[in-house]
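Me: Can you take me through this one, a few questions at a time?

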Amino acid sequence: MINRRCQGCRKTLNREELLKITKLKNNTLKLNPSAKQTGRSLYICKDRTCINNVIKKKRIQAALKYNNSKEILRIEAELTNFIVEYL
């Protein structure tokens, strides 16, 4: 069992219970729920509140040390769609 910390609520949970966002080597971001991609990553609970906190508090930029605003907006839109489709 591998534990990771949610960037929204700061709780430590099993990695399989979390969403993963990965910064790939080509400097793009990928919503990576299967956790198969490697690279600098952050984890978020599959919870509406945590996802909203990560977006509101700009934790994607901080955790991934990333500042491409177009790519951040794209991944935030994917997270919002995840909320609509799955939560």
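This is a predicted model: local features need pLDDT of at least 70, side-chain atom pairs count only at pLDDT 80 or more; totals for chains, interfaces and linings use all residues.

Me: In what order do the elements of the protein run from the N terminus on?

Reply: The secondary structure comes to three helices and five strands. Reading on from the N terminus, the order is β-β-β-β-β-α-α-α.

Me: What is the radius of gyration of the protein, and how does it sit with the globule rule?

Reply: The C-alpha trace spans about 30 × 25 × 20 Å along its principal axes. For 87 residues the globule rule gives 12 Å, and the protein comes close to that, so it is as compact as a globular protein of that length. The radius of gyration is 12 Å.

Me: What kind of aromatic pair do F82 and Y86 form?

Reply: The structure holds one aromatic pair. F82 and Y86 make it, at 4.9 Å centre to centre and 35 degrees between the planes. Under 30 degrees would be stacked and over 60 edge-to-face, the rest being tilted. So at 35 degrees this pair is tilted.

Me: Why are F82 and Y86 about one helical turn apart, and in which helix?

Reply: They are four residues apart, which means about one helical turn between them. The helix, residues 69-86, is α3.

Terms used
Residues are numbered from 1 along each chain as its sequence is written. Side-chain values use heavy atoms; hydrogens and water are left out. Rings of Phe, Tyr and Trp (its six-membered ring) pair if their centres lie within 6.5 Å; planes under 30 degrees apart count as stacked, over 60 as edge-to-face and the rest as tilted. Helices (H or I, at least four residues) and strands (E, at least two) are DSSP runs, numbered from the N terminus. The radius of gyration is taken over C-alpha atoms; the globule rule is 2.2 Å times the number of residues to the power 0.38.
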